[in-house]
Amino acid sequence: GGGRPRIGAHRAFGPAGQDEVARHLARGLQVTREARKLAAGKDHLDFLLERKERQFQSALARALGLSLQVLVDPDRVPEGRFAGFAATPTFNMAIPGQTFTLIATLLNRGGLRVEPRDAGVRVPTGWTVERLAGDSRALGRNESAAWKFRVTVAQDAQPTRPYWRRDSIQQAAYQVQVERPEWAGRPLPPPPVVGYADFAVDGVAASLAHSAEVSFTDRAGGQTRHTLLAAPALSVQFTREMGVIPLGRRDYSLRVAVRSNVKGPASGTLKLELPAGWTATPAEAPFAFEKENEEQNIDFKIAVPDMRAAQSESRSPQLIRAVARMGGREFREG
């Protein structure tokens with residue numbers, strides 16, 4: 001029975017046969033699920049059928065002309081005569097403790113009637129989601145349904161970053177730290193916020209998912225989107241990662257870039273953690289921002305002790321760390 005839907009879908013494929021293709025794919029999805037029930041307890045077979053089920057769902061959504069958008073609400077809604085042509089930028093990065101709203105929109109561009117059944121948002125542990133509004137009416141051609149959610153980021157939310165890293169370019173291999181075993185082998189961890197919509201066509205249930213996205217205005221003035229990521233409130237980074245101090249030289253200059261992800265005013269201080277006997281001027285420097293994405297460069301003059309007497313020690317790497325403080329918290333990453 002599993003082969004018939006595939007053959008029918010291939011025969012019907014074409015510009016005028018998408019609705020018929022979707023019906024065959026819906027039947028194939030149903031048959032695959034029935035096969036999974038028969039394969040209960042056979043792990044390898046269930047693994048293959050589970051993958052086939054996902055493929056059927058993806059193909060069905062494409063044949064139906066379904067699309068799902070999960071967009072963060074803009075910071076402001078344009079007004080005026082040309083509001084429809086204006087850019088609607090949002091914040092750039094989600095930070096711990098932040099609350100924001102997003103809208104998931106399911107659009108049906110095909111000719112078959114689609115029945116939305118549920119919608120939601122998947123978030124990391126500690127984050128919370130509240131549904132504010134929803135629309136689950138049946139969708140005809142070029143009709144859409146939308147759901148609105150309020151998302152609150154956990155106070156201890158971890159930044160979105162690769163699970164593989166190396167401390168410097170001198171390290172020959174990356175260190176892999178898989179927080180969750182199912183991430184192993186993926187190029188990157190999955191996005192933190194993913195919206196989904198459950199629907200049915202011809203009585204067969206399926207689901208469509210998409211990562212939440214933010215919008216920003218690029219340098220050319222156009223509006224661009226990228227996946228919503230989580231980040232610390234502040235980022236600190238040296239403008240150069242390595243330097244060399246000739247033996248006998250007693251001073252060295254460093255510049256640190258501090259970047260704000262706070263959605264409004266933010267201020268604090270920046271200092272350097274230095275090897276024993278080293279000092280920095282200033283010992284501590286203030287910074288202040290008015291809005292997200294602002295960056296400030298802070299210069300330090302470092303006094304270096306005379307290390308000519310200790311040749312072996314002087315040639316070993318000396319670690320300097322930048323530490324930003326704001327509201328009783330420390331930020332060390334960039």
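The legends below describe close-up views of a predicted model.

Residues are numbered from 1 along each chain as its sequence is written. In this predicted model, local features need pLDDT of at least 70 and side-chain atom pairs count only at pLDDT 80 or more, whereas totals for chains, interfaces and linings use all residues, and side-chain values use heavy atoms, with hydrogens and water left out.

**View 1. The chain as a whole.** The chain contains four helices and 19 strands, taken as DSSP runs numbered from the N terminus (helices: H or I, at least four residues; strands: E, at least two). Of its 334 residues, 36% count as buried, that is, under 20% relative accessible area, with exposed meaning over 50% and partly exposed in between (1.4 Å probe, protein chains only). Among contacts (heavy atoms within 4.5 Å) between residues at least 6 apart in sequence, 66% join residues at least 24 apart.

**View 2. Helix H2, residues 18-38.** The end C-alpha atoms of H2 are 30 Å apart, which agrees with the 30 Å that its 21 residues should span at 1.5 Å a residue; the expected span is 1.5 Å times one less than the number of residues. The buried residues of H2 are Val21, Ala22, Leu25, Ala26, Gly28, Leu29, Val31 and Thr32. An α-helix has 3.6 residues a turn, so residues three or four places apart point the same way.

**View 3. The largest nonpolar core.** This core has 44 residues, and those with the most contacts inside it are Leu60, Leu64, Phe100, Leu102 and Leu228. H2, H3, S1, S2, S3, S5, S8 and S9 each supply at least two residues of this core. A nonpolar core is a set of buried Ala, Val, Leu, Ile, Met, Phe, Trp, Tyr and Cys residues joined through side-chain atoms within 4.5 Å. Leaving aside neighbours within four places in sequence, Phe100 is in contact with residues including Val72, Phe91, Phe149 and Leu228. A second, separate core of 27 residues includes Ile95, Val236, Phe300 and Ile302.

**View 4. Gly140 in the loop between S4 and S5.** Gly140 counts as buried because its relative accessibility is 13%. Not counting residues up to four places away in sequence, Gly140 touches Asn108, Gly110 and Arg113. The C-alpha atoms of Gly140 and Asn108 are separated by 6.7 Å, although these residues are 32 residues apart along the chain.

**View 5. Pro189 in the loop between S7 and S8.** With a relative accessible area of 16%, Pro189 is buried. Its contacts, leaving aside neighbours within four places in sequence, are Arg161, Pro162, Tyr163 and Trp183. The C-alpha atoms of Pro189 and Trp164, 25 residues apart along the chain, are separated by 9.9 Å.

View 6. Most residues other than glycine have a negative phi, and most peptide bonds are trans. Asp202, in the loop between S8 and S9, has a positive phi near 55° and is partly exposed, with a relative accessible area of 49%. Asn293 lies in the loop between S16 and S17; its phi is positive, about 75°, and at 33% relative accessibility Asn293 counts as partly exposed. The peptide bond from Thr281 to Pro282 is cis, with omega near 0°, and Pro282 is found in the loop between S15 and S16.
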